[in-house]
Amino acid sequence: MNGGASKLEATYTRALGAYPRRWRREQGEELIGVLLYVARSEHRTKATPAELLNLVGNGLATRGLELLGSVGRRRRNGIAFTATVLATYLALALTLLGEWGPWVRPGTLRWRPTGEGFGEAFLAAGPFTTAAAAVYLALLAGFVAALANRHSLRRTLHLSAAVAAPLIPLSGAVAGILAPPLTPMLVLSGLALLALIGNPAASASRRVLLGAVTAGVSLAGLWLAVSRLSGGAALFFYDAASVLAVDARSLTLAAAALMLAVGMVLVSGSRMIPWTTGLAVASTPLLVRLWSGGSLETWLAASGLPGPVTAHWEWAFLGLALATAALAAADRQLRFRRLRTA
């Protein structure tokens with residue numbers, strides 16, 4: 001039993017590695033003692049999968065909360081603002097292009113552009129194609145609630161959307177009902193959760209700014225997506241294997257990449273700001289490719305520019321990223337010297 005107990009303790013210790021070091025130092029031994037006591041009372045020498053999943057999940061959640069606690073309220077509000085804008089834009093785009101548009105009406109949507117037929121059944125969801133419309137409408141309602149200064153209602157709507165989004169493709173796969181793929185739904189769920197970590201519209205001026213930025217991003221994003229659609233065909237916007245230049249997967253991955261870049265800058269301390277800002281600038285070519293569906297390359301090819309420019313235009317952003325990082329580092333050093341001499 002002693003050998004089994006030592007192996008069990010080692011297993012629990014490894015699982016506790018998911019927790020922050022300070023938490024392990026202050027409470028780790030006590031938690032391991034409780035776990036070992038429970039295991040002895042149940043005559044076990046091995047940890048259960050549920051125990052390990054619970055330990056790792058709670059440990060990662062604790063790390064997230066610790067990181068969040070080190071980020072000031074202003075930066076958390078900036079993350080929530082960005083997440084709300086992107087979640088609202090995606091909800092509007094996916095509602096119009098994937099659910100409600102005339103090209104996705106049940107009755108016309110029977111074949112993918114590749115010629116492959118659907119094996120799933122349509123859900124009787126009124127004017128919508130799939131049950132994902134409920135998630136999109138909840139996100140749009142959450143945006144309206146934010147503009148109306150109804151923060152409790154906004155949090156409820158965003159949390160509901162975050163929980164429901166990944167369940168829809170999973171339940172669709174089990175029941176054989178047409179549903180969006182898991183990737184776009186996971187991105188929407190993550191954005192909805194990030195929108196909850198702060199207040200995206202803490203004042204009247206911020207609410208005006210939120211409305212204006214969201215309207216601009218949504219209109220520009222919709223125009224860019226529609227301009228890349230093949231006209232006249234029965235399209236399925238959720239199908240990443242189709243011939244569409246832009247689809248739900250590319251739009252949501254672009255939004256996730258932009259959210260990552262903005263969040264990375266906002267959560268960085270002063271020492272890391274030059275590096276994270278440079279990485280954010282370096283990610284611009286990826287964002288352009290995902291959002292444009294290759295339209296920039298087509299424009300460059302038709303512009304008459306030299307071949308090396310059109311083939312390697314993204315290298316310019318690498319140089320710009322290095323320059324941005326150097327300027328940010330110089331600005332940080334200048335601020336530090338001013339503080340020392342003040």
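Me: What links Glu42, Arg44 and Glu51?
Reply: A network of salt bridges links Glu42, Arg44 and Glu51. This is a predicted model: local features need pLDDT of at least 70, side-chain atom pairs count only at pLDDT 80 or more, and totals for chains, interfaces and linings use all residues. Residues are numbered from 1 along each chain as its sequence is written, and side-chain values use heavy atoms, without hydrogens and water.

Me: Why is the contact of glutamate 42 with arginine 44 called a salt bridge?
Reply: The term asks for a side-chain nitrogen of Lys or Arg within 4 Å of a carboxyl oxygen of Asp or Glu. Here the closest N and O atoms are 2.7 Å apart, so the pair qualifies.

Me: What makes arginine 44 and glutamate 51 a salt bridge?
Reply: Their N to O distance is 3.2 Å. That meets the cut-off, so the name applies. The whole structure holds two salt bridges.

Me: Which residues make the nonpolar surface patch?
Reply: Leu159, Val163, Leu167, Leu170, Leu182, Leu186 and Leu193 make a patch of about 620 Å². Helix H6 (151-175) and helix H7 (182-194) each give two or more residues. H6 gives the largest share, four residues.

Notes. Patch = residues over 30% accessible without salt bridge, like charges linked within 9 Å, V, L, I, M, F, W, Y side chains within 5 Å. Areas by Shrake-Rupley, 256 points an atom, 1.4 Å probe, with all protein chains shown as cover.
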